[in-house]
Amino acid sequence: MKKNNLLILLIIILCTIGIITNIFLVFNNIFIKEFKIKTEQIVITEKKYSIKIDRIKSNDWNLNKKIDNINNSIQDIFLKDIRNNKGNLVIDYEYTKYKDIYSFHIRGISKIKDIIKRKDYIVYYDEKNNKVLKQEDLIKKDYGLYTIFNSKCVDYLNNKDYKKYDESILEIDDKNYQLLIFSNKEIRILIINNNKEISIPIEYVYVKEYLNKKYFKIKKDIKKEVKNEEIVVTTDKEETVQEDVDKTEDLNLPKYLAFTFDDGPALDITTTLLDGLKMRNAKATFFVLGNRAKNQVDIIKRMIEEGHVVGSHTYSHKNLLRLSLDEALIEINSTNDIIANITGNKPKYLRPPYGNYNKDILDNSNMTFILWSVDTEDWKKRDTELIYEYIIQNANDGDIILLHDLYPTSVEGVLKAIDYLSTQNYRFVNIEELFNKKGIIAETNKSYRYVR
Ligand code: ZN
C-alpha cells in the first residue's frame, strides 16, 4: 500500500510540474512575442482632399499607439490647413536597423494648392526588450555631440556647396539634430531642406562617448585616430586612420598644455583668473571679442604684460558661416584693429565662434585658426569640481583646452587643475609657446586643434 501511495504522489507531482510548465509557456507566448511589422494601407478620399497612409502595424501595442499619435497629428495639421482648398496628404515610412534597434522614419507630405509641406518623425524601437525608446535613451543630448555633428555637417555640405542650403541648418542647435537614424554602418543625420532630405553619415566612432553603452558596442577608439594628426577641417581629403604610436611616457620630459579662454574679457572674472595664473606662473591664451575688448583696454594690456597671448574671437560672436565672406572678414579685421590699437600688434590667432568657418574664410583671414582638442563644456557645467575633473582626466601633452572666462566656476576649476597637473610634470603655456616648444611653425590660413 505504502509503495502505491508513493507512486501516486510522484505522478501527481510530475503532472503538476507539467501543467505549470505549460502555463508558463503559454504566458511566455503571450507576453514575449517575436516582434513583427507589416504595412497597412489606408486611403481616404473626399471631395476636396485625399489622404493616403502607409501605416506601420506591429504586434506591439505601445509602438502602434506611438505611430498612430504621429499619423493623427500629421492628419490634424493637414485638415486644419486645407480649409476650402484642394489638396492631398501622403504619409509613409521607412526603417533602418542597428542590431535590435529600429529607427522608423515617418514622413508626412502634404500638397495644398501648390504649397508643399512636410513633417518628419523618427520613432525608435528596441525589438529585444519590446520597448519604444526616446532619442536620449540611445545618445546623450549634449552640446559636445552637437559640435561634432555640426563640424561633420559643415564638412559634408561644404563639399556639396552648402550655399544652396538654408544656413540655419549649419547652426549648433539641437533642433537640427532631431532626426537621427541609426543604421548598422553609421548614424545618419537627416536634414530637411526645401522639403528634400539630406542624409549626412557619421561613423559611430566619432560620437562613441555619447552613445548609450547598453545598446552600442563600438570597438575602434576615435582618440587614437585623431591624436596623431593635425586636422584641417576644410580639407577635401578623408582623415586617415593612423595607428597609435606609443609615446614613451618619459616622466622627466615636461608636458605642455595651452589653456584658452573665449568670450571675454569679463572684468572681475578675468581679473581673478589673471591673478591666479600669475601666482602659478602659468600662461594662457585669451580669445577676446572685439566689442568687449574695446571697452576693456587695461585688462588686455595686463594680459600682454603678464605673458599671455591675446587672440581674436571676432567682433560680435556671430556664426561666420551665416555671413557673406565680406561680412565675416569685417568681423575678423575690425577686431584685429581694436586689439592692435591696444597692444601695438595685430593678433595672429583666431578662434572662430562655435568653431564654425569654411575654406573661404580660412584662406582669406591671414590668421592662424586655433580650435581645441579638449572641450570642458564649462559654460554648461558651471561646477568647479566637474571642470577640474574633466581637465585632469582628459588633458594630454600638446592639448588645447577650451574654457570661457565668463564663469567663476571655470576660473576655480582651471586653477585647481593647474595646481594638480603641475605635480604631474605639466607646464602651462600660451599658444605661441606651445608651437615653439613643439618645434612647429604656426602657418597662416591653417587651423590647429592641438600641437604635438
Ligand atoms: Zn565663444
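This report describes the zinc site and a selection of the salt bridges in a predicted model.

## Zinc site

The zinc ion has three named protein donors, namely D263 through OD, H313 through NE2 and H317 through NE2, and these lie 2.1 Å from the metal. Along the chain the donors follow the spacing D-x49-H-x3-H. Within this set, D263 and H313 link distant parts of the chain, being 50 residues apart. D263 sits in the loop between β10 (255-262) and α6 (267-279), whereas H313 sits in the loop between β12 (309-312) and α9 (325-343).

## A buried salt bridge between strand and helix

Across the whole structure, a search finds 26 salt bridges. One of them is formed by the side chains of R55 and D68, with a distance of 2.9 Å from N to O. Because R55 belongs to strand β2 (residues 49-58) and D68 to helix α2 (residues 61-82), the pair ties together parts that are 13 residues apart in sequence. Both partners, R55 and D68, are buried.

## Salt bridges with partly exposed partners

E136 and K141 form another salt bridge, in which the closest N and O atoms are 3.9 Å apart. E136 has a relative accessibility of 43% and therefore counts as partly exposed, and K141, with a relative accessible area of 36%, is likewise partly exposed.

The side chains of K380 and E377 also meet in a salt bridge, with 3.9 Å from N to O. Here the two partners fall into separate accessibility classes: K380 is partly exposed, with a relative accessible area of 36%, while E377, at 9% relative accessibility, counts as buried.

Conventions:
Residues numbered from 1 in each chain as written. Predicted model: local features only at pLDDT ≥ 70, side-chain atom pairs only at ≥ 80, totals over all residues. Heavy atoms only, no water. Donors = N, O, S within 2.8 Å, 3.2 Å for Na, K, Ca; no water. Helix = DSSP H or I, 4+ residues; strand = E, 2+ residues; numbered from the N terminus. Salt bridge = Lys/Arg side-chain N within 4 Å of Asp/Glu carboxyl O. Buried < 20%, exposed > 50% of the residue type's maximum accessible area, 1.4 Å probe, protein only.
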